[in-house]
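Subject: Structure handover

Hi,

Here is the structure for your files. My notes on the findings follow below it.

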Amino acid sequence: MSLRERIRQWWLRFRCPTEFLCDNCRYDHPNACHRPERPNAVSCPDYTPR
């Protein structure tokens, strides 16, 4: 894992430590996201805030 990815993961955990990322993600729809972690992802490389 690169330093950039580690910083990004830290920022995501800092921003919403108890929420799942899918709740605030632009791609939170079954047709838009096919990742197995959905809808309870706590880390995701495709996460984009709404």
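A term first: buried means under 20% relative accessible area, exposed means over 50%, and partly exposed is in between (1.4 Å probe, protein chains only). By that scale Trp 11 is partly exposed, because its relative accessible area is 39%.

This is a predicted model, so local features need pLDDT of at least 70 and side-chain atom pairs count only at pLDDT 80 or more, while totals for chains, interfaces and linings use all residues. Residues are numbered from 1 along each chain as its sequence is written, and side-chain values use heavy atoms, with hydrogens and water left out.

Trp 11 sits in helix H1, residues 3–15. Helices (H or I, at least four residues) and strands (E, at least two) are DSSP runs, numbered from the N terminus.

Salt bridges

How many salt bridges does a search of the whole structure find? The search finds three. The criterion is a side-chain nitrogen of Lys or Arg within 4 Å of a carboxyl oxygen of Asp or Glu.

Arg 38 pairs with Asp 28 at 3.0 Å, N to O. Both lie in the segment after H1, so this pair ties together parts that are ten residues apart in sequence. Arg 38 is partly exposed at 23% relative accessible area. Asp 28 is partly exposed too, at 27%.

Asp 28 also meets Arg 50 in a salt bridge, at 3.6 Å, N to O. Both residues are in the segment after H1, and the pair ties together parts that are 22 residues apart in sequence. Arg 50 counts as exposed, at 66% relative accessibility.

Asp 46 forms a salt bridge with Arg 35, with the closest N and O atoms 2.9 Å apart. This pair links distant parts of the chain: both residues lie in the segment after H1, eleven residues apart. Asp 46 is partly exposed at 39% relative accessibility. Arg 35 is partly exposed as well, at 30%.

A cis peptide bond

Most peptide bonds are trans. The bond from Arg 38 to Pro 39 is cis, with omega near 10°. Pro 39 is placed in the segment after H1.

Cysteines

How many disulfides does the structure hold? The count is zero. A disulfide is a pair of cysteine sulfur atoms within 2.5 Å. For Cys 22, the closest cysteine sulfur is in Cys 33, 5.9 Å away, so the two are too far apart for a bond. For Cys 25, the closest is in Cys 44, at 6.2 Å, again too far for a bond. Cys 22 counts as buried, at 8% relative accessibility. Cys 25 is also buried, at 8%.

Best wishes
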